[in-house]
Amino acid sequence: MSLHRIPNLITSRGIALGSALLLCSAIGLARPPESFALVFQNESTEPTETIPPDFPYWDHVTQRRYGGPTVIYLGGGWALTARHVGYGEIILGGMPTPPERGIRHTLLNPDGTIADAVVFPLKQGYPLPDLPLLPIATRAPQTGDEILMIGFGRLRGDPIEWGAPGNRKTALGWTENGEKRWGTNRVVDAEKWLRQNNYRTVSFTTHFDMVGDENSTAHEASATIGDSGGAIFIKQDGQWLLVGLINSIGTTIAKPSQSTATGDITYSTDLTHYRSEILHWTRPDCANEVDDDGDGLIDYPEDPKCENPEDPNERPEARMSTEWRTWGWAVVPLIVGSLAIAWGRQRQRTLNTPDSMSSLSAR
Ligand SMILES: [Ca+2]
Ligand SMILES: [Ca+2]
Ligand SMILES: [Ca+2]
């Protein structure tokens, strides 16, 4: 797995985070992880359930093939991950599934700059899991909101100690390999710009707080290598919704590379800002939240021309067009075949007639 360059972060806390980044660079994190499972403070804060209770979208979170970083399956044959993770084969329903060659859409900001997020379709003809379209939040996460994180990154390894006697510091090392895990945290900064290389991404942050801290959550977690592209879910009005995409990590102290310390920051794309573009690329007409045929009725089930949410056409003429494309190829050979048979029979009769006539004449 290649490594990702240090993120150059600009947020409303620019000075504080800028300092954090300088520290990263100064301590040998000049090539921080391209992709970051989750680290927990200790065993007591690790969730005991494999799947979060009352959570319906666990199987939507998957990973690139060969133990790669995290990818979110949006349903309908489309995947979402961080742009620096990139498109490629993913594991779906336990099977490697290739992308549709050459098709991917990096998400854009209103000024045309690119965000660290990409959607891509999976190759047609490969079996897709029977998973629903993943709902994406419309309300941006706010400071204090509790979120659910899911990723395939590395786990908490042995503690690392450093520093002079009397000034010893500790961090949590990482395991060699990643694993799919879930954890929790709370939003600190919302709707801030994250600048990494040539990416500019509307993001939110979470901090890795000590057990007992008022900002600590029940399963307080921080991202690591392999969590890039990971999913952040939020419960709004009783519904679980996809709200974020894990992009990067930062720290506020000088510490060994490949470790997590209290106060470390996880940066995630605020997907509410890219929602309409995601829907535009990845959703069928009958689930794209647009009135495609202008009749004032939007999508299934409001527009009766939609047969289900997966229906690709809200417009009847488009459906006819699609049906023609689908069935036309089957009908054309039938027509051509029938004409060929008719012509053949006619030709046979024409060839037979003189013999018959000559036969008759001979009598
Ligand atoms: Ca926290
Ligand atoms: Ca529509
Ligand atoms: Ca309509």
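This report describes the secondary structure, core and selected strand pairings of a predicted model.

## Overall composition

The chain has 363 residues, of which 38% are buried. Its secondary structure amounts to 4 helices and 19 strands.

## Nonpolar core

In soluble globular proteins, nonpolar side chains tend to be buried together. In this model, the largest nonpolar core comprises 53 residues. The residues with the most contacts inside this core are I72, A79, M149 and F233.

The surroundings of A79 can be listed individually. With residues up to four places away in sequence left out, A79 touches V71, I72, Y73, L74, I90, V119, F120 and L122. One of these contacts, I72, is itself among the core residues with the most contacts.

Strand 7 spans residues 105–108 and strand 8 spans residues 114–121. The two strands are antiparallel and are joined by 3 bridges.

The hairpin has 5 residues between its strands. In this hairpin, G112 adopts a positive phi near 90°.

## Strand 14 and its partners

Strand 14 covers residues 199–207; 8 of its 9 residues are buried, so this strand is largely enclosed by the rest of the structure. Strand 14 runs antiparallel to strand 13 (residues 192–196), with 5 bridges between them. In that pairing, L194 lies opposite T201 of strand 14. The hairpin formed by strands 13 and 14 has 2 residues between the strands, and N197 takes a positive phi near 50° there.

Strand 14 is also joined to strand 19 (residues 265–270) by 5 bridges, again in the antiparallel sense. Here H207 has I265 of strand 19 as its bridge partner.

## V202 within strand 14

V202 belongs to strand 14. It has 20 C-beta neighbours inside 10 Å and therefore counts as buried, since the cut-off for a buried residue is 20 or more. Not counting residues up to four places away in sequence, V202 touches E191, W193, T269, D270 and H273.

V202 also lies 8.4 Å from N109, C-alpha to C-alpha, although 93 residues separate the two in sequence.

Strands of a sheet pair through backbone hydrogen bonds, either parallel or antiparallel. One open sheet in the model contains 3 strands in the order 10-11-18, with antiparallel pairing. Its edges are strand 10 (154–162) and strand 18 (259–260), each of which pairs on one side only.

Strand 11 comprises residues 169–178 and is joined to strand 18 by 2 bridges, in the antiparallel sense. G173 has S259 of strand 18 as its bridge partner.

## T170 within strand 11

T170 is located in strand 11. This residue counts as partly exposed because it has 13 C-beta neighbours inside 10 Å, whereas a residue with 12 or fewer would be classed as exposed. Apart from neighbours within four places in sequence, T170 is in contact with P159, I160 and E161.

T170 and K255 are 85 residues apart along the sequence, and their C-alpha atoms are 8.5 Å apart in space.

How values were computed:
Residues numbered from 1 in each chain as written. Chains lettered and ligands numbered in written order. Predicted model: local features only at pLDDT ≥ 70, side-chain atom pairs only at ≥ 80, totals over all residues. Core = buried A, V, L, I, M, F, W, Y, C linked by C-beta atoms within 7 Å. Contact = placed C-beta atoms within 7 Å. Pairing = 2+ DSSP bridges.
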